[in-house]
Each structure stands twice: as C-alpha cells, then as structure tokens.
Amino acid sequence: MRDPRLAIGDLARQTGTKVNTIRFYEEIGLLPQALRTASGRRTYTAADVRRLSFIRRGRNLGFSVEEIRSLLALSDQPDRDCGDALVIARQHLHDVEQRILELQNLRDALHAIANSCQLGRAADCGVLEAVGSNAFQG
C-alpha cells in the first residue's frame, strides 16, 4: 500500500508549523526537498510528519538549528552510539543554566532600579537615572 501524500497545508496543520517555516526547513536542509505533483505542489509523507515533529520538539526545547541538524544526523543512523546526543543535550543544558543565571541577575538589577524610584519629577526619576547610568550592569 502506498504511503498517502500530504499537501504542505496538511503537514502544517498536523505539526503546528507555519507553511513558510516548512519551506525554510527545506531550504536549509533540515527537511528533505518535498516531492512535487505534476502541477508543482509540494507533497509529504508520514516520515516527513515525524521528522518535522522531531524538529518542532527540538526547537521547543530551545535547541539551535545546528544542534537539531546534529541530532537528526544521529537519529538517521540508529546503530550509532548515542553519546554524541548526550554531549549535545548536556551542552544545551549548560547554556540554558547560564541564561537562567543571566536572567536572575537581570531581575535583581530591575528590582533595584524599580525600588530606586521616588515619585516626582522626571528630572529626579531614579529609574531614568539608573537606566541612563552604568550603575546597574548585569
């Protein structure tokens, strides 16, 4: 039995992906070039749905396009050792933890700035003074 073909709009709906994003993923090689109908319309298979779903989950986890490209390459070779995937995941976790620390520092600086405000004239505004100076660098 032949694999049923999906139009790009159907693929978009099934995966929650915008049509232009699907085209972009094809352009950069994350998705294979779609087969075309005689009239030139793109068509996709269940394998394309699975691959695009993998990409979407990876993007939702914050993996970069290059990290996803590497994970897909590993996924495409099921007999390979998954150690490389673990390295990618651990590095990404480290990067996320670094961003969390930076955001916590930013939050603390914004708390200090917001608490520096004594209502009155803009010329005497603690918020404007703090944003205009380098006293609150994260």
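**Exercise 1. Find out whether glutamate 67 is buried or exposed, and which side chain of opposite charge is nearest.**

*Solution.* Step 1: glutamate 67 is buried, where buried means under 20% relative accessible area, exposed over 50% and partly exposed in between, with a 1.4 Å probe and protein chains only. Step 2: the nearest side chain of opposite charge is arginine 59, 6.8 Å away; Lys and Arg count as positive, Asp and Glu as negative, and His and the chain ends are not counted. Step 3: glutamate 67 has no salt bridge, a term for a side-chain nitrogen of Lys or Arg within 4 Å of a carboxyl oxygen of Asp or Glu.

A word on the model: it is predicted, so local features need pLDDT of at least 70 and side-chain atom pairs pLDDT 80 or more, while totals for chains, interfaces and linings use all residues. Residues are numbered from 1 along each chain as its sequence is written, and side-chain values use heavy atoms, without hydrogens and water.

**Exercise 2. Name the buried residues of H5 and the helices they pack against.**

*Solution.* Step 1: helix H5 covers residues 83–115. Step 2: Ile88, His92, Ala109 and Ile113 are buried in H5. Step 3: the buried residues of H5 pack against H4 and helix H6 (126–132).

**Exercise 3. Work out the strand order of the open sheet and its edge strands.**

*Solution.* Step 1: the three strands are ordered S1-S3-S2, with antiparallel pairing; two strands pair if DSSP finds at least two bridges between them. Step 2: strand S1 (6–7) and strand S2 (35–36) are the edges, each pairing on one side only. Step 3: two bridges join S2 to strand S3 (residues 42–44), and arginine 36 stands opposite arginine 42 in S3.

**Exercise 4. Classify the ring pair of phenylalanine 24 and tyrosine 25.**

*Solution.* Step 1: rings of Phe, Tyr and Trp (its six-membered ring) pair if their centres lie within 6.5 Å; planes under 30 degrees apart are stacked, over 60 edge-to-face and the rest tilted. Step 2: one aromatic pair is counted by this rule. Step 3: the centres of phenylalanine 24 and tyrosine 25 are 6.0 Å apart and their planes at 45 degrees, so the pair is tilted.

Key:
Helices (H or I, at least four residues) and strands (E, at least two) are DSSP runs, numbered from the N terminus. The expected span of a helix is 1.5 Å times one less than its number of residues. Contact means heavy atoms within 4.5 Å.
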